[in-house]
Amino acid sequence: MTVLYAFFSALGFGVSDYFGGALSRREKSINVTATSQFWAFLSYIVLVFVFPGIPSFSALGYGALAGLCIVFGLYFFYMALADGVVGVVASVTALFSALVPAFWGLLRGDLFTVPLIVGIVIAVSAVIVLTIPYHKHGGEELLELTGRVGDMTKRVWLHTVLAGAGLSTSMILVSQTPRESGCWPLLGLGAVAALAAMVSAKIQTGNMFVQTASIIPIVGMTISLDVAYSMQLFAVRSGALAVASVVGALYPVPTILMAWGIDKEKLNRNQIAGALLALIAIALIALS
């Protein structure tokens, strides 16, 4: 079940990223983030009754700390994206999200079988292939490791590492929540994330939320975030943290496939290869 939960978590994050990216073309991204996080927090109130559990200070506290780590990670992630090479920043951050919780699980006693190790290696390869940009130049297709936006300076590397540390730590904290707490940790997580995003949006743009006309993609983001975080919660509780983190890090796949299916964007060789590697990795990890 861990693989299935993690798969739906990756699907939720990927769908949310697609809607968020589409909406950010006509709205400020910080307003998009604040609006989606606010509505997601309200929906978590419903989830605690749909998936009942025992509320506790531990559940809400770990959830709130995870929310702080998410805000911390996203802050440095966006700073790194603004100044550095998008593909490198995205791939390194995703690798942190996959590998740091996996090693934490190993230290906590998770057993790594041969199919699991091979699956992790393939999944990490898939993340790298998916996130490094692929361009055509002079009739030849080349991997472009130095970006059009900026350069991987020491400052950008620091921001990238901090982003990966924050986002990976949030998953570890979620895994520490009591099993009997149901979805209560999401209330702590959602409250902190929504509040921080709303304050940032107000400071940066003077408004907290997007325009009413954008409500449809916001609903899509809210539902997908519900799926993403609730399935992540179930995944880290049901089995090895390595499985939950590595499969969950494959969220670029649904984003790319939605852009291909809905927006008719062409898939390049990197994206096709990365998607195929992701499927192989999921199959191997499931067999483990």
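This is a predicted model: local features need pLDDT of at least 70, side-chain atom pairs count only at pLDDT 80 or more; totals for chains, interfaces and linings use all residues.
Figure 1. At 3% relative accessibility, S9 counts as buried, where buried means under 20% relative accessible area, exposed over 50%, and partly exposed in between (1.4 Å probe, protein chains only). The side chain of S9 reaches the backbone oxygen of A228 at 3.0 Å. A polar contact of this kind is a pair of N or O atoms within 3.5 Å; within protein, one must be able to donate a hydrogen and the other to accept it, and residues adjacent in sequence count only if both atoms are side-chain atoms. Not counting residues up to four places away in sequence, S9 touches V227, A228, M231 and Q232, contact being defined as heavy atoms within 4.5 Å. Residues are numbered from 1 along each chain as its sequence is written, and side-chain values use heavy atoms, with hydrogens and water left out. Local features need pLDDT of at least 70 and side-chain atom pairs count only at pLDDT 80 or more, whereas totals for chains, interfaces and linings use all residues.

Figure 2. T35 has its place in helix 2, residues 29-50. The residue is buried, because its relative accessible area is 3%. Its side chain reaches the backbone oxygen of N31 at 2.7 Å. With residues up to four places away in sequence not counted, T35 touches M208, F209, V210 and I218.

Figure 3. C-alpha to C-alpha, I30 and M198 are 8.2 Å apart in space, although 168 residues apart in sequence. Leaving aside neighbours within four places in sequence, I30 is in contact with A197, S200, A201, Q204 and T205. The second largest pocket is lined by 14 residues, of which I30, L74, Y75, Y78 and S200 lie nearest its centre. Helix 2, helix 3 (57-83) and helix 7 (184-205) are the elements that give two or more residues to this lining. The lining residues divide into nine nonpolar, five polar and no charged; Ala, Val, Leu, Ile, Met, Phe, Trp, Tyr, Cys and Pro count as nonpolar, Asp, Glu, Lys and Arg as charged, and the others, Gly among them, as polar. About 350 Å³ of space lies in the second largest pocket. On a 1 Å grid over the protein atoms alone, a pocket is an open set of points where a 1.4 Å probe fits, with protein on both sides within 12 Å along at least five of seven lines, and lining residues have an atom within 4 Å of a point.

Figure 4. I285 is found in helix 11, residues 269-287, and is buried, with a relative accessible area of 3%. I285 and T113 are 172 residues apart in sequence and 9.3 Å apart in space, C-alpha to C-alpha. Neighbours within four places in sequence aside, I285 is in contact with V3, L116, G119, I120, V243, V246 and V247.

**Figure 5. The chain as context for the close-up views.** The chain has eleven helices and two strands, following the pattern α-α-α-α-α-β-β-α-α-α-α-α-α along the sequence. Of the 288 residues in the chain, 49% are buried. Among contacts between residues at least 6 apart in sequence, 90% join residues at least 24 apart.

Notes. Helices (H or I, at least four residues) and strands (E, at least two) are DSSP runs, numbered from the N terminus. Grid points are joined across faces, edges and corners, and a volume is the space filled by probe spheres set on the points.
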